[in-house]
Amino acid sequence: MRLLATQPTLALLLCFLSSPTALAAPPIKGIAFDHGDWTLACDNTRTCRAAGYQPDDGEHAPVSVLLTRRAGPDQRVKAELMVGQLGEIKLPLRLSLQINDARLGPLRYNAADGTATLLPAQVSAMLAALMGNSRIALIGDDGRRWTLSGRGASAVLLKMDEFQGRIGTPGALVRKGTKAESTVLPAVSMPIMKLTNIVATRPADKALASSAALREALIATISVDDCEALQPTWNDTSNEGPQEMKVQRLSADKLLVSHLCWRGAYNRSDGYWVINDRPPYRPRLVTNSGSGDNVRSIEEWHRGRGLADCIYSTTWSWIGTRFVQEDRSAVGRNNHCHECPLETLQTRMRQAQRNGVATARKDAPVMYASARVGKDHAPKPSCSKDAACVRCLPAA
């Protein structure tokens with residue numbers, strides 16, 4: 001069975017954590033907004049991405065569209081889409097755009113994966129149609145039809161205009177006006193996040209894995225509901241009994257401790273704490289939703305459902321004194337966690353460096369982006385290969 005996810009569609013950036021003191025300049029907060037069948041994420045570089053889907057009511061073939069607009073005056077909207085569904089299906093060889101009864105020509109379409117990009121004239125026509133009650137459809141050469149919902153689009157695009165400072169300008173998508181384009185807010189470079197090297201774990205560190213005192217210190221930082229498996233009395237259906245802690249060294253005086261918090265049918269979450277390497281441990285919780293780590297980075301990866309067509313991913317990276325949320329992304333949102341999740345949603349971007357060298361990233365969809373540095377920090381996908389997700393990081 002093939003799971004088709006809309007590669008080029010949405011990359012929304014969700015900016016939540018991270019301290020300005022870790023960055024070269026105070027960061028701009030990204031936003032996330034949902035309305036109807038549309039969703040928006042704007043990142044801390046002021047790039048915005050909006051995604052729309054098929055109507056949620058009735059039976060409609062899955063489709064997702066991604067609209068991307070960089071910050072600054074006179075920026076065009078880029079539109080990409082994907083058609084698809086679960087199962088081994090044969091996609092049409094050609095795909096065209098139709099608004100109401102007007103055919104607007106073929107799309108730049110890849111029949112191998114059901115993705116397409118729109119020409120500038122097609123983008124303009126689609127944006128105009130989304131402002132009203134027009135019927136927007138994608139028509140295959142075999143007669144199949146995919147309908148794009150406009151419900152919620154105008155509210156989402158208005159929010160995009162507001163975030164980028166376009167309201168009242170000729171380039172606004174919703175509320176156009178005569179204000180000069182020069183008044184539009186400029187693009188902002190990605191903040192710099194400097195990563196540090198990790199110190200090798202020592203035998204004495206690993207011995208702490210069975211420390212009752214350390215376990216009690218961790219328990220004091222989190223509620224039972226948020227990490228029930230940490231409790232000494234915990235026992236799940238596998239009858240494995242209490243789990244052992246994992247201890248790894250971060251620096252000369254700091255350790256990373258992890259422990260299972262909960263486990264489900266297709267997800268599990270581990271808690272991660274930074275502690276002193278000797279009493280008093282003073283644990284600081286990083287997250288109770290981790291899925292794995294390589295010591296310097298903690299990854300969260302969770303499915304919205306077993307099909308893995310709705311995925312939530314977060315990365316925290318060690319900057320020498322604490323873990324900072326490097327990126328956060330999602331594929332499929334809200335009631336559209338099915339069959340054709342085109343987007344990866346993101347709200348923060350950072351340029352991570354080690355020894356002053358930055359890792360180059362390709363322009364593709366994401367939800368929370370940051371560039372990492374060094375051989376151990378090569379670009380990686382923010383979601384599963386099964387979901388055919390493409391990570392999108394705008395250039396700094």
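This is a predicted model: local features need pLDDT of at least 70, side-chain atom pairs count only at pLDDT 80 or more; totals for chains, interfaces and linings use all residues.

Colleague: Okay, and which residues of α4 are buried?

Modeller: In α4, which spans residues 212-219, they are Leu214, Arg215, Ala217, Leu218 and Ile219. The cover over them includes β14 (246-249), β15 (254-263) and β16 (268-276).

Colleague: Why is aspartate 253 called partly exposed?

Modeller: Buried means under 20% relative accessible area and exposed means over 50%. Aspartate 253 has 41%, so it falls in between and counts as partly exposed.

Colleague: Where is aspartate 253 found, and what does it touch?

Modeller: Aspartate 253 is in the loop between β14 and β15. Leaving out residues up to four places away in sequence, it touches Ile275, Asn276 and Asp277. Its side chain also makes a polar contact of 3.5 Å with that of lysine 254.

Colleague: How do you know that β9 and β10 pair?

Modeller: Pairing takes at least two bridges. β9 and β10 (residues 115-117) have 3, in the antiparallel sense, so they qualify. For instance, arginine 108 has threonine 117 in β10 as its bridge partner.

Colleague: What is the strand order of the open sheet?

Modeller: It has 7 strands, ordered β2-β3-β4-β5-β6-β10-β9, with antiparallel pairing.

Colleague: Why do β2 and β9 stand at the edges?

Modeller: β2 (31-35) and β9 (108-110) each have a single partner strand, so one side of each has no neighbour in the sheet. On average, neighbouring strands here are turned by 15 degrees against each other, ignoring direction.

Colleague: What does helix α1 lie across?

Modeller: Helix α1 (residues 120-130) lies across β3 (38-42), β5 (63-69), β6 (78-83) and β10, at about 105 degrees to β5.

Colleague: Last one: which residues of the largest nonpolar core touch the most other members?

Modeller: Out of 35 residues, those are Leu67, Leu81, Leu130 and Leu138. Beyond four places in sequence, leucine 130 has contacts including Trp38, Leu67, Ile136 and Leu148. Another core, of 16 residues, lies apart from that one, with Leu230 and Met245 among its members.

Notes. Residues are numbered from 1 along each chain as its sequence is written. Side-chain values use heavy atoms; hydrogens and water are left out. A nonpolar core is a set of buried Ala, Val, Leu, Ile, Met, Phe, Trp, Tyr and Cys residues joined through side-chain atoms within 4.5 Å. Buried means under 20% relative accessible area, exposed over 50%, partly exposed in between (1.4 Å probe, protein chains only). Contact means heavy atoms within 4.5 Å. Helices (H or I, at least four residues) and strands (E, at least two) are DSSP runs, numbered from the N terminus. Axes are lines fitted to C-alpha atoms, for helices over the stretch in contact, and angles run from 0 to 180 degrees between N-to-C directions. A polar contact is a pair of N or O atoms within 3.5 Å; within protein, one must be able to donate a hydrogen and the other to accept it, and residues adjacent in sequence count only if both atoms are side-chain atoms.
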